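Me: I am new to this structure and would welcome a close look at one part of it. Please set out how that part is placed and what surrounds it.

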Amino acid sequence: MKLKVLWVGRTQEEWVRRGIDEYAGRIRRYAPLEIAEAREEKGAAAEAMRARECERLEKLVPKNARLVLLDERGDGMTSPQLAAFIAKCRDSAVPEMVFAIGGAYGFADNFRSRADRVLALSQLTFTHQMVRVILLEQIYRAHTIINGEPYHH
């Protein structure tokens, strides 16, 4: 199963880019991975920015993909539960799983309704930059759990 991670805006911090590169490389040992950025909207009302950013994200989601949105109001999941979810999708012949991180104002309702799952990484709030690395680390961790490797204790 192919994995795709989408987010809004460019990665600003060098240390975040290094973290992305590190975990993307680790994930690619288990599955094909694509990372794509949608342009961030600026200078408009929050609702308009959400709508435009989600239109850009939508264009990056393949029609047959399972879409998982990362949102603070989403469902909580443990790392083993995420691993089980990914494994179930893989074993159900889902061709592609897409994880999307929205912009500063989140997702538009119509894009949210298209999602197969809305997931919260934590009840804590993280910057959108940091969430990129945290999500990739969790996807990597899920694959080590699926494969019975000792990374997850």
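Reply: H143 is placed in helix α5; helices here are DSSP runs of H or I with at least four residues, strands are runs of E with at least two, and both are numbered from the N terminus. The model is predicted: local features need pLDDT of at least 70, side-chain atom pairs count only at pLDDT 80 or more, and totals for chains, interfaces and linings use all residues. Residues are numbered from 1 along each chain as its sequence is written, and side-chain values use heavy atoms, with hydrogens and water left out.

With a relative accessible area of 8%, H143 is buried (buried means under 20% relative accessible area, exposed over 50%, partly exposed in between, with a 1.4 Å probe and protein chains only). A polar atom of the H143 side chain lies 2.9 Å from the backbone oxygen of I139. Leaving aside neighbours within four places in sequence, H143 is in contact with L3, Y30, A31 and I86, where contact means heavy atoms within 4.5 Å.

The buried residues of α1 are V16, G19, I20, Y23, A24, R26 and I27. Seen down the axis of α1, they fall within an arc of 160 degrees, so they line one face of the helix; the arc is that of the directions from the helix axis to the C-beta atoms. On the other side of α1, R18 and D21 are exposed.

Technical notes:
A polar contact is a pair of N or O atoms within 3.5 Å; within protein, one must be able to donate a hydrogen and the other to accept it, and residues adjacent in sequence count only if both atoms are side-chain atoms.
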